[in-house]
Amino acid sequence: MKKNLKWLLLLVLSIVLLIGYFALQTSFFVMNGEETKNNSNQNQFEQEEGSNDEMISQKENSLPIPPLLENETQEEGKAEFTLNVQHGKTEFLEGYEADTLGYNGDYLGPVIQVKRGDDVKINVKNELDEATTVHWHGLEVIGEMDGGPHQGIDPNDSWTPEFTIDQPAATLWYHPHSLGKTGEQVYKGLAGLFYIEDEFSEALDIPKEYGINDIPLVVQDKRFTEDGQIPYRLTMPDRMNGFKGDTVLMNGAIHPQLNVKNEVIRLRILNGSNARSYDFNFEDGTEFYQIASDGGFLEESVPMNHLVLAPAERAEILVDLSDYKQGDELHFKDANHELMTLYIADEGEGSSEIPEELAEIEHYKEEDVVRSREFVMSGMGPMVTINGKQMDMDRIDEYVNTGELEEWIVTNDSGSNPMGGGMMGGMASTPHPFHVHATQFQVIERNGEEPAPNESGWKDTVMIHEDENVRLLVKFEKEGLFMYHCHILEHEDAGMMGQFLVE
Ligand code: C2O
Ligand code: CU
Ligand code: CU
């Protein structure tokens with residue numbers, strides 16, 4: 001009897017301790033301030049379709065088009081730009097100004113446009129009160145110019161990378177990459193598009209009028225507080241699966257309208273979100289054509305009516321609106337959540353051509369592979385790892401030779417995590433978008449099958465779902481120290497990143 005009582009007491013005590021521990025954890029994760037209102041009726045991801053939301057008085061808004069950054073030199077074959085990394089105020093919700101970050105402005109950044117072969121110089125000035133970096137995601141440049149965690153720019157300091165554009169036309173992007181700070185700085189607004197054009201893209205019969213029928217689209221999700229702020233506060237689930245917002249912004253606007261003509265339009269879409277993937281489609285099922293993936297044009301345009309983009313992935317799509325009339329509307333969606341309205345404001349003589357044949361891609365051959373490497377993404381929350389390791393700035397994980405074709409086998413074993421199915425209720429089954437710096441690679445196999453047609457072009461980020469494995473062929477031409485990592489920024493910040501040295 002006495003013995004039983006002792007055991008019972010011990011059991012009760014340990015339960016109390018356990019509950020206390022988790023309570024502490026939770027309050028720690030939401031510390032420094034009010035809870036964000038993720039249960040309010042503004043939460044579009046839990047909202048019933050059609051339940052109208054009175055909490056956000058939505059601004060009457062047309063899609064903001066970021067400015068094209070001015071090239072400061074007239075010299076042929078050269079380009080020079082200035083980027084100021086700065087604090088700003090942005091009115092996402094009418095009547096409320098959020099504290100944000102931006103390049104040359106309050107939020108997001110201008111579109112940088114360069115030509116293949118250009119010698120580019122960029123004057124980056126950090127006007128923040130903390131260090132930052134500017135990484136050119138998808139660009140093939142040497143390590144010192146890459147803007148990774150080793151190229152930190154202190155407050156009030158500058159950084160002037162110079163490089164030559166040495167890759168085909170593509171829609172790339174730029175964003176900060178400070179160790180442990182990427183998630184917050186990107187979330188606050190630091191992201192911009194980086195276009196490369198070349199003779200091929202200029203000759204191709206596709207829309208090219210910037211902001212008119214060639215539309216930049218940065219898609220990001222946010223979680224607003226009652227007073228319209230976007231604090232970056234991680235809860236326990238955020239640390240597990242990445243920070244997902246409840247409201248999607250298109251170039252910084254909630255559910256904007258884009259006025260177009262009834263012609264073919266081109267959308268250059270960047271999933272600039274910290275952790276959310278999207279399933280883009282048009283409400284009326286309108287078919288569209290993907291013409292480019294991360295690293296440039298596909299070989300053929302791929303007809304589809306759904307496009308899935310993981311964080312950091314890009315796609316260019318063409319939509320033929322020639323069957324619509326003035327006054328018609330199309331609703332651009334993520335699964336069944338409205339993102340943006342396309343309004344046919346004008347009828348014109350525009351094109352209704354969708355080119356079928358696009359770029360010529362030289363496919364790597366498996367028999368040329370010199371070396372094979374494996375990358376296993378596993379763990380959960382703050383314990384995410386690649387090959388069992390977390391990022392260490394002083395450790396080089398892989399040594400690579402320039403010009404050698406390699407096979408990289410990337411797997412996500414989170415599903416077989418012992419914590420997975422059982423007590424954590426599948427919380428560990430996180431997809432991991434795998435990104436490699438300084439290159440564009442070719443996906444040759446997903447789970448033993450050929451990749452989808454829109455994944456058969458140049459890629460720098462590839463989604464690896466639970467228990468999936470992806471084989472890719474990759475080659476590096478630029479020397480230096482680079483990163484590979486999960487592009488769920490909370491995973492990257494937690495250390496799901498490794499370094500490789502190309503020599
Ligand atoms: Cu988009 Cu290592 O980054
Ligand atoms: Cu990158
Ligand atoms: Cu991840």
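Select His-491 first: with a relative accessibility of 0%, this residue counts as buried, because buried means under 20% relative accessible area. Please note that the model on the screen is predicted.

**The copper ion**

Which residues coordinate the copper ion (ligand 3)? The ion is held by the ND1 atoms of His-432 and His-491 and by the SG atom of Cys-486, at 2.0 to 2.1 Å. Along the sequence, these donor residues follow the spacing H-x53-C-x4-H. Colour strand β26 (residues 432-436), which contains His-432, and helix α5 (residues 489-494), which contains His-491; the pair therefore ties together parts that are 59 residues apart in sequence. His-432, like the residue that opened this tour, is to be checked for accessibility: its value is 0%, and it counts as buried.

**Salt bridges**

How many salt bridges does a search of the whole structure find? The search finds 27. Three of them may be visited in turn.

Select Lys-333 and Glu-283. Their closest N and O atoms are 3.3 Å apart, and the two residues form a salt bridge. This pair links distant parts of the chain, 50 residues apart: Lys-333 belongs to strand β20 (residues 329-334), while Glu-283 is in the loop between β15 (278-282) and β16 (288-293).

Next, select Glu-407 and Arg-471, a salt bridge in which the closest N and O atoms are 2.7 Å apart. Here too, distant parts of the chain are linked: Glu-407 lies in strand β25 (residues 406-412) and Arg-471 in strand β30 (residues 469-474), 64 residues apart. Glu-407 is buried at 12% relative accessibility, and Arg-471 is buried with a relative accessible area of 12%.

Then select Glu-455 and Arg-446, whose salt bridge has its closest N and O atoms 2.8 Å apart. Glu-455 counts as buried at 12%, and Arg-446 is buried at 15%.

Glu-300 is partly exposed, with a relative accessible area of 49%.

Terms used:
Residues numbered from 1 in each chain as written. Chains lettered and ligands numbered in written order. Predicted model: local features only at pLDDT ≥ 70, side-chain atom pairs only at ≥ 80, totals over all residues. Heavy atoms only, no water. Donors = N, O, S within 2.8 Å, 3.2 Å for Na, K, Ca; no water. Helix = DSSP H or I, 4+ residues; strand = E, 2+ residues; numbered from the N terminus. Buried < 20%, exposed > 50% of the residue type's maximum accessible area, 1.4 Å probe, protein only. Salt bridge = Lys/Arg side-chain N within 4 Å of Asp/Glu carboxyl O.
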